[in-house]
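The exercises below ask for places, contacts and areas in a model. Each task is followed by a worked solution.

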Amino acid sequence: MSFITLTTDFGSRDPFAGILKGVIYSINPNAKITDITNDVSPQNIQQANFILKTSYRFFPKNSIHLCVVDPGVGSARKPLLIETSDYFFIGPNNGIFSTIIETENIKQVIELTEKKYWLPEVSQTFHGRDIFAPIAAFLSQGKNPKHFGNQINVNELITLPKLEMRQNKNTIAAQVQFIDHFGNIITNIPNDILFDSIKGTINNHNFDGLVQSFSGSNDKNLSAIKGSSGYMEIFIRNGNAAHTINAKFGDKLTVSFV
Amino acid sequence: MSFITLTTDFGSRDPFAGILKGVIYSINPNAKITDITNDVSPQNIQQANFILKTSYRFFPKNSIHLCVVDPGVGSARKPLLIETSDYFFIGPNNGIFSTIIETENIKQVIELTEKKYWLPEVSQTFHGRDIFAPIAAFLSQGKNPKHFGNQINVNELITLPKLEMRQNKNTIAAQVQFIDHFGNIITNIPNDILFDSIKGTINNHNFDGLVQSFSGSNDKNLSAIKGSSGYMEIFIRNGNAAHTINAKFGDKLTVSFV
Amino acid sequence: MSFITLTTDFGSRDPFAGILKGVIYSINPNAKITDITNDVSPQNIQQANFILKTSYRFFPKNSIHLCVVDPGVGSARKPLLIETSDYFFIGPNNGIFSTIIETENIKQVIELTEKKYWLPEVSQTFHGRDIFAPIAAFLSQGKNPKHFGNQINVNELITLPKLEMRQNKNTIAAQVQFIDHFGNIITNIPNDILFDSIKGTINNHNFDGLVQSFSGSNDKNLSAIKGSSGYMEIFIRNGNAAHTINAKFGDKLTVSFV
């Protein structure tokens, strides 16, 4: 139970992510901490949810996923520990765990209220350091989650509104759920509902596919491929598709089978 | 004594920070290295000092803080090991340790001169790799600091000029000491001299406070809050305050109690 | 054999590098993973080769260098394990290992074909996660490289075209091989062929040297120094030389001894 991952919007320029690690090691010097990313766009809950959903299951069973994208820090939003069959998730109740809540087998949810497991002094603006990191550290030492607060009902957990993904007979209406740093446009169409040959439109640009590899396209046209996150992606070989067609989160697209 | 932290301006794009870690592991494979940040603005000693002062005490006792922001590399500036009651600090004598020097209980200061603990070949431009990292590694193995060179007097330590922070009866004249990547403006006014209700001016913009959380403000106005680094911060909810009012290090502000 | 380094173009914003680490720890919880960098410019094989060549030898003997800059992912390019006298290199056969191939003593090259050491499901676009990371993890546990596939001939290894570096009696014609994030211009002239006093021209700007430290120059002129990577660098003290003269990879320069 000693693996802890970080998914935050703390950036790499400020010391915030490093401070979290210091707090954890001060409590459990044997913790093994891995960054998933600290470069979530500031306060972008939707993005954090996507990053977490494509990552968490690649870590060892019983890993503790510490997720701090927390625009409501210091307000009434509840600090949580969610225990699923295979993992633990620690962070604010604001939607960052939407996919976990919708897809994982949840064993219990604890509202973090027991102050003796927090840092002695709790700031108004940095609960990552003062509450979430210490809880992750004590949990990684084998402390029972029930010590950290009281169970709350799964119904209290906040999930984000869903993007549209409607499949008719030969067409799909869908949306963009993520842009990666290569400029690949990750849609919310699951790979496994796709046939081999499709055409589509996004932001008044056409694309077709599916190709078998990035190099199976040319350098000019938008192409579609089954992406590694489990969803169809639109790309330009050796280019940045999102910049080229000004794509962003939530943009709509249509796909038809040919 | 096996925790080593890095605070550098080496960036994440170049291999410099990774190379430091390789050098350390080659000497002490059991070292545990944590980045505080490698994205200090190039050669920005003031920024490095702030980052270090808000971070170092969150790490386990006896941690070794390796700080390499070193515009004078290869010149006469002295390479140092500073031992305090609780920590070790390794880096150049150029002001990056100002806060440590002014606030910590210093047990000894060693000028690093003993070449047998350096890499065999020392470059003119990368003492982080060739001198500081090996010293941190040997120290983390328990080597006595006295082996690395001779003690020098605390008076030889360079500290940065102080920012202005003048408190009159009902007003404070202060300065900006850091901008974080959210755009929050961190002043040099300690939280603990602040009353609940203040008004202030910075760069011809007004702000008031203190609010209890970021979400205790609206999305338009500048507000003040007790920050997690121990100093008053000025922010805009869901916005970037520093960009909005073009704030930067050293900008002056005034605060009055109301 | 438990040290694994990462050199990738996965960026710090996306979860890709974190996912690689999760895959590795899931197979070998005792692996020790260090980022050299994950911020190679997207698909920039030349840059990855330079970063690797200046870094790999600073890591402990038997370290496994995992290098994933892989524009041809999913195509016919071969996935490789290269074993040298001191290290292991894992990644695609596309030129990222040019310097290793040209300078190291290669003991064997394995084409990775044995699917039982890959993730059960292999995507078309993320062999870093599905093939290279698991192989690195199994290798770090001591698994014999021969299990992962068949030996191929060193002649099959792809190397990048060489930059020009021609030395006449009193002059050198050379090229830029890397720009670091400080804006220092790293040429391909080895330090050890340089005399103390030179003059040179790059992009219609003059420089001279060699200076003994960055601070041995003024803030206005381009100067040359023996760089820490083993090659002559051109810099501006307290400035960004590459921006100032718009230097980039491949730019030509001339040097004459004076």
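**Exercise 1.** Determine whether Asn191(C) is buried or exposed, and list its contacts outside the local sequence.

*Solution.* Step 1: the relative accessibility of Asn191(C) is 14%. Step 2: buried means under 20% relative accessible area, exposed over 50%, and partly exposed in between, with a 1.4 Å probe and protein chains only. Asn191(C) therefore counts as buried. Step 3: Asn191(C) sits in the loop that runs between β10 (185-190) and β11 (198-202) of chain C. Helices (H or I, at least four residues) and strands (E, at least two) are DSSP runs, numbered from the N terminus. Step 4: with neighbours within four places in sequence set aside, Asn191(C) touches Lys226(C), Gly227(C), Gly230(C), Tyr231(C) and Met232(C); contact means heavy atoms within 4.5 Å.

This is a predicted model, in which local features need pLDDT of at least 70 and side-chain atom pairs count only at pLDDT 80 or more, while totals for chains, interfaces and linings use all residues. Residues are numbered from 1 along each chain as its sequence is written, chains are lettered from A and ligands numbered from 1 in the order in which they are written, and side-chain values use heavy atoms, with hydrogens and water left out.

**Exercise 2.** Describe the surroundings of Leu112(C).

*Solution.* Step 1: Leu112(C) belongs to strand β6 (residues 106-112) of chain C. Step 2: its relative accessible area is 1%, so Leu112(C) is buried. Step 3: apart from neighbours within four places in sequence, the contacts of Leu112(C) are Pro79(C), Leu80(C), Leu81(C), Ile90(C), Trp118(C), Ile131(C), Phe132(C), Ile135(C) and Phe148(C).

**Exercise 3.** Which residues does Val23(A) contact, leaving aside its neighbours within four places in sequence?

*Solution.* Step 1: Val23(A) is part of helix α1 (residues 16-27) of chain A. Step 2: a relative accessible area of 2% makes Val23(A) buried. Step 3: the contacts are Leu119(A), Arg129(A), Ala133(A), Pro134(A) and, from chain B, Phe58(B). Step 4: Thr84(A) lies 61 residues from Val23(A) in sequence and 25 Å from it in space, C-alpha to C-alpha.

**Exercise 4.** Find the backbone features of note in chains A and B.

*Solution.* Step 1, the reference: most residues other than glycine have a negative phi, and most peptide bonds are trans. Step 2: Gly209(A) and Leu210(A) are joined by a cis peptide bond, with omega about 0 degrees, and Leu210(A) is in strand β12 (residues 205-211) of chain A. Step 3: a cis bond, omega about 0 degrees, also joins Gly209(B) and Leu210(B). Step 4: Asn203(A) has a positive phi, near 50 degrees; its place is the loop between β11 (198-202) and β12 of chain A. At 27% relative accessibility, Asn203(A) is partly exposed. Step 5: Gln43(B) has a positive phi near 65 degrees and lies in the loop between β2 (32-37) and α2 (45-55) of chain B.

**Exercise 5.** How many residues does each chain give to the contact between chain A and chain B, and what area is buried?

*Solution.* Step 1: chain A gives 30 residues and chain B gives 29 residues. Step 2: the two chains bury about 2,500 Å² between them, 54% of it on carbon and sulfur atoms. Buried area is the accessible area (1.4 Å probe) that two parts lose on being put together, summed over both. Step 3: on the chain A side, Arg13(A), Gln124(A) and Thr125(A) lose the most area to chain B, together 26% of what that side buries.
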